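Please keep the sequence and the structure at hand while reading.

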Amino acid sequence: MRHPSRREFLKSSVTATCTAVLGGGGLARSLVATPTGTPTATPFSPAPVPIKKGVLLDMLPAKLSYTDRFKMARNVGFEVVQAPTEPDERKAEEIKKAAEGANIRIDSVMNMDHWKYPLSSNDPAVVEKSLTGMRTSLHNAKLWGSDAVLLVPGVVNPQTSYRDAWARSQREIHTLIPLAEELQVVIAIEEVWNKFLLSPLEMARYIEEFQSPWIKAWFDVGNVLLYGYPQDWIHTLGKSIVKVHLKDFKRKEDGYAWVNLGDGDVDWAAVRQAFADTGYSGSAITELEGGDEAYLRDVNRRMDRLVLGRS
């Protein structure tokens, strides 16, 4: 999405059939511990939702220094920033000092090696590179004062079956839990167009099976719109959601487009109500194209209106 590998993967996957086969009612009964019924088109509730507004570091003008990028994020109204994995220790320290100088928090890390080196691979060398990337991301999070690292857990493809992606990724993530606990950083599993975890019931079960407070959900509002309803996912995942990505998705006769918040098909009233229903009060990070200060101010205002219920 923001990173070329994410965008390319989404475009190559848009025509795929996104169908999750769930057996028996027992699975649904065992997973749904959320309010009865899911609103389909709910009006805004009176009280604003207490969500922290965030922005990707990569959405801020690259020509600026880290310090000036963080200052711009704060000045246009964002409260937190999500930064990508940084293996260079000196650069990671520079990012830390820049955020502190701008008085804005880096609240999460975008892990960068899970696409090129998926944990679901049957190649031990690929898996080890993926694990190394996650360890770096977790240490970045500790350095920056972040409390979560985003992880795409695996990819289903002709070489990797759904069952294998499930088993392999869970096995490898289990090995990361001790480090996550030591550093006090949550590993947040995101749903993306990877032909994996295609329903909210599956994703809830996948996370539940770890039986660890250090494995939670990173929910992306726009990613599920092709094959589901964001408000349904929010109600089903409930308290397991620790972080959120915001973007909008527009269906067209000849395909689709990622668009600015409010310009697509997301039912923002229902999404906002779902967040209120489940008591979500974490951060919501915009994952859109980058732009200048005027553009970022507009994105911030859209978040106020559509997500937070502020005029």
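## The residue after helix 4

Helix 4 is followed by asparagine 103, whose phi is positive, near 60 degrees. Asparagine 103 sits in the loop between helix 4 and strand 3, where helices (H or I, at least four residues) and strands (E, at least two) are DSSP runs numbered from the N terminus. At 64% relative accessibility, asparagine 103 counts as exposed, the classes being buried under 20% relative accessible area, exposed over 50% and partly exposed in between, with a 1.4 Å probe and protein chains only.

The model is a predicted one, in which local features need pLDDT of at least 70 and side-chain atom pairs count only at pLDDT 80 or more, while totals for chains, interfaces and linings use all residues. Residues are numbered from 1 along each chain as its sequence is written, and side-chain values use heavy atoms, with hydrogens and water left out.

## Length and N-terminal cap

Helix 4 comprises 14 residues (residues 89–102), which at 1.5 Å a residue should span 20 Å, and the end C-alpha atoms are 20 Å apart, in agreement with that value; the expected span is 1.5 Å times one less than the number of residues. At the N-terminal end, aspartate 88 caps helix 4, with a side-chain oxygen 2.9 Å from the backbone nitrogen of arginine 90.

## Two faces of helix 4

The buried residues of helix 4 are Ala92, Ile95, Ala98, Ala99 and Ala102. They cover an arc of only 125 degrees around the axis, which puts them on the same side of helix 4, the arc being that of the directions from the helix axis to the C-beta atoms. The face turned away from this buried side carries the exposed residues Glu89, Arg90, Lys97, Glu100 and Gly101.

Among the elements that cover the buried residues of helix 4 are helix 3 (66–75), strand 3 (105–110) and helix 5 (124–144).

## Packing against helix 5

The axes of helix 4 and helix 5 come within 10 Å and cross at roughly 35 degrees; axes are lines fitted to C-alpha atoms, for helices over the stretch in contact, and angles run from 0 to 180 degrees between N-to-C directions. The contact (heavy atoms within 4.5 Å) is made by Ala92, Glu93, Ile95 and Lys96 of helix 4 and by Asn140, Leu143 and Trp144 of helix 5.

## The chain as a whole

The secondary structure of the protein chain comes to 10 helices and 10 strands, and 56% of its 311 residues count as buried.

Conventions. Polar contact = N/O pair within 3.5 Å; in protein donor to acceptor, adjacent residues only side chain to side chain.
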